[in-house]
Amino acid sequence: MSIQSLPIISVNLWDILISLANLLIMFLIVKRFLFRPVMKVMVQRQEQVDKIYDDANQDRQAAGSMKQEYETRLASAREEADSLVKNAVQTAQRKGDAIVAEAASQASHLKQKAEEEIAMEKKQMLQSVQSEISDMAVSIASKVVEREIRQKDHDAFVDEFIKNVGEQS
């Protein structure tokens, strides 16, 4: 038996060159047909993501400015409402004061008029009483002159006078 040498460990330069050429061709094919489209898709995706982030930032800024505008308008509306309420309260207070002053004036006028009427009635009543008293005094004097005055007659005249004054008033 003869010992044959096995080509297991042999290095064949042509095989290496062919393998390298195959590797280079495969690399170029993969680069041309796989990496470029994949990179193109990744760039597009990155642009979409960047656009979404930009839109979100713009929306957030718009929402912030809208919030600021809303808060400004709300503060303005509150101030206006407070001003309207204050003006309404002041107007109501002035009207209330005017009504109270007018009522006080009318009450004072009515009181003065009533006092004047009372004074006139009192004066008329006093004149009426004086007239009645003078009539009675004349009547009594005439009766006294007609008769001679005795103590009994005098007491009777006084009682009659008092009775007549009581009946007429």
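Helices here are DSSP runs of at least four residues, numbered from the N terminus. Keep that in mind, because glutamate 69 and arginine 73 sit four residues apart in helix α1, which puts about one helical turn between them. We will visit that pair below. Note that this is a predicted model.

**Stop 1: the whole chain**

Show the protein chain as a cartoon. How many helices and strands does the protein chain have? There are two helices and zero strands. The chain exposes about 15800 Å². Carbon and sulfur atoms supply 61% of that area. Buried residues make up 2% of the 169 residues.

**Stop 2**

Select residues 13–146. This is helix α1. Zoom in on leucine 13, which belongs to this helix. Is leucine 13 buried or exposed? Leucine 13 counts as exposed, because its relative accessibility is 56% and the cut-off for exposed is over 50%.

Together with Leu13 they form a nonpolar patch on the surface. The accessible area of the patch is about 890 Å².

**Stop 3: a salt bridge at lysine 51**

Move on to lysine 51 and aspartate 55. Show their side chains. They meet in a salt bridge, at 3.8 Å from N to O. Where do the two partners sit along the helix? They are four residues apart in helix α1, so about one helical turn separates them.

Compare the surface cover of each. Lysine 51 is exposed, with a relative accessible area of 53%. Aspartate 55 counts as partly exposed, at 32%.

**Stop 4: a salt bridge at glutamate 69**

Select glutamate 69 and arginine 73. This is the pair from the opening. Their closest N and O atoms are 2.8 Å apart, in a salt bridge. The spacing is again four residues in helix α1, or about one helical turn.

Glutamate 69 is partly exposed, with a relative accessible area of 39%. Arginine 73 counts as exposed, at 57%.

**Stop 5: a charged patch**

Select Glu115, Glu116, Glu117 and Glu121. What do they form on the surface? They gather in a patch of negative charge. Pick out glutamate 121, which is found in helix α1. Glutamate 121 is exposed, because its relative accessible area is 53% and exposed means over 50%.

**Stop 6: helix α2**

Finish with residues 151–168. This is helix α2. Glutamate 160 has its place here. Glutamate 160 is partly exposed, with a relative accessible area of 35%.

How values were computed:
Residues numbered from 1 in each chain as written. Predicted model: local features only at pLDDT ≥ 70, side-chain atom pairs only at ≥ 80, totals over all residues. Heavy atoms only, no water. Patch = residues over 30% accessible without salt bridge, like charges linked within 9 Å, V, L, I, M, F, W, Y side chains within 5 Å. Areas by Shrake-Rupley, 256 points an atom, 1.4 Å probe, with all protein chains shown as cover. Salt bridge = Lys/Arg side-chain N within 4 Å of Asp/Glu carboxyl O. Buried < 20%, exposed > 50% of the residue type's maximum accessible area, 1.4 Å probe, protein only. Lys, Arg positive; Asp, Glu negative; His and termini not counted. Charge placed at Lys NZ, Arg CZ, Asp CG, Glu CD.
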